[in-house]
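Entries follow in the order I made them.

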Amino acid sequence: MTVPRFQARVLVRLRPSVLDPAGEAARGAAARLGVDGVSKLRIGKAVELELEATDADEARRRIELLSDRLFANPVIEDWSLELLDS
Amino acid sequence: MSIGVIVFPGSNCDRDVVWATQGCLGLPTRRIWHEETDLSGLEAVVLPGGFSYGDYLRCGAIARFAPALRSLVDFAEKGGRVLGICNGFQVLTELGLLPGALTRNRDLHFICEDANLTVVSDRSAWLQDYSATGQLTLPIAHGEGRYQCSEETFRQLQDDDAIALRYGKNPNGSVGDIAGITNPRGNVLGLMPHPERACDPATGGVDGRAMLQALMN
């Protein structure tokens, strides 16, 4: 019997209240590229992972723990999780 | 008793600290590899500057899980003195020994210059040899030193008299011009400026000496 394998993507974003100077710099570059009208640009991180777990609930529980404790710092960041069967 | 300096892969100010504490101040100091867990016989522990684990993910995010830091939490709870400098400050916030977080400098630049600082509180042993509202000059060298915290945490820092140092001229966008904070008890200090680079008259300035002397007082 094989243990089910799950694929997931965790998106980590700076909280809206936290200034994103890298996003602002990229927004400035967008204008210099000639693309006008970019009123907001914020840069986050995507973590893609695969893990083995007995079921989807267990997979979700483990990834939520990783997201809360490792991938994101809740003082400055929010995260969201997409879980995909594979 | 001696001072311990924890060394992570990517630390680069650990030798500077040893030079300052042992070379300049004559305080016995030993370096501790991050995989060690024995902190016995130490009066104080320093987390030095640098780029622990390449600062992958976030500054200090991976160092936080080092075996030595599990021991460090017990050490701090028992009242042991812990000093986090620059990357060490970032590690202390990730570890939860100090509140808040350190983020990209407002203007994105890595800033390497002397910073004029004001002592906000001389309550803790670290700063009791500097009078409150006293001024000192220490070098800063960081790309991610913008201190951030919630308004609630900021009020708590003020209520606890835990803001230790402020910048005279805010270089990085830190909330409340904060350059360094302590825990409520005062035995843990984290700061972005480098006191260990201001101990040897040959390299300019000795304003950091009293802060490092407090490791063994």
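**Entry 1: strands of chain B**

I started in β4(B), where B:G84 is the bridge partner of B:L47. Strands here are DSSP runs (E, at least two residues), numbered from the N terminus. I count two strands as paired if DSSP finds at least two bridges between them. β3(B) and strand β4 (residues 81–85) of chain B pair in the parallel sense, over four bridges. I then looked at strand β1 (residues 2–7) of chain B, which is joined to β3(B) by four bridges and also runs parallel to it. In that pairing, B:G4 stands opposite B:V45.

I checked burial for strand β3 (residues 42–47) of chain B and found five of its six residues buried. My classes are buried under 20% relative accessible area, exposed over 50%, and partly exposed in between (1.4 Å probe, protein chains only).

**Entry 2: ground rules**

This is a predicted model: local features need pLDDT of at least 70, side-chain atom pairs count only at pLDDT 80 or more, and totals for chains, interfaces and linings use all residues. Residues are numbered from 1 along each chain as its sequence is written, chains are lettered from A and ligands numbered from 1 in the order in which they are written, and side-chain values use heavy atoms, with hydrogens and water left out.

**Entry 3: a loop serine**

I looked up B:S124. It lies in the loop between β6 (111–119) and β7 (135–142) of chain B. Is B:S124 buried or exposed? B:S124 counts as buried because its relative accessibility is 6%. I listed its contacts (heavy atoms within 4.5 Å). Leaving out residues up to four places away in sequence, B:S124 touches B:T182 and B:G186.

**Entry 4: the interface**

I turned to the contact between the chains. It takes 15 residues from chain B and 14 residues from chain A. The two chains bury about 1200 Å² between them, 61% of it on carbon and sulfur atoms. Buried area is the accessible area (1.4 Å probe) lost on putting two parts together, summed over both.

How many salt bridges are there between chain B and chain A? The count is one. I use this rule: a side-chain nitrogen of Lys or Arg within 4 Å of a carboxyl oxygen of Asp or Glu. B:R58 and A:E77 make the bridge, at 3.7 Å, N to O. On the chain B side, β5 (101–103) and β8 (146–148) each supply at least two of the residues that touch chain A. That side divides into five nonpolar, four polar and six charged residues. For these classes, Ala, Val, Leu, Ile, Met, Phe, Trp, Tyr, Cys and Pro are nonpolar, Asp, Glu, Lys and Arg are charged, and the others, Gly among them, are polar.

**Entry 5: salt bridges elsewhere**

Over all chains, the count comes to 14 salt bridges. I looked up A:R5 and A:E50, whose side chains meet at 3.3 Å, N to O. A:R5 lies in strand β1 (residues 5–14) of chain A and A:E50 in strand β2 (residues 45–52) of chain A, so the pair ties together parts 45 residues apart in sequence. A:R5 is partly exposed at 39%, and A:E50 is partly exposed at 46%. A:R5, A:E50 and A:E52 are linked in a network of salt bridges.

I also noted A:R9 with A:E48, closest N and O atoms 3.2 Å apart. A:R9 lies in strand β1 of chain A and A:E48 in strand β2 of chain A, so this pair ties together parts 39 residues apart in sequence. A:R9 is partly exposed at 30%, while A:E48 is exposed at 59%.
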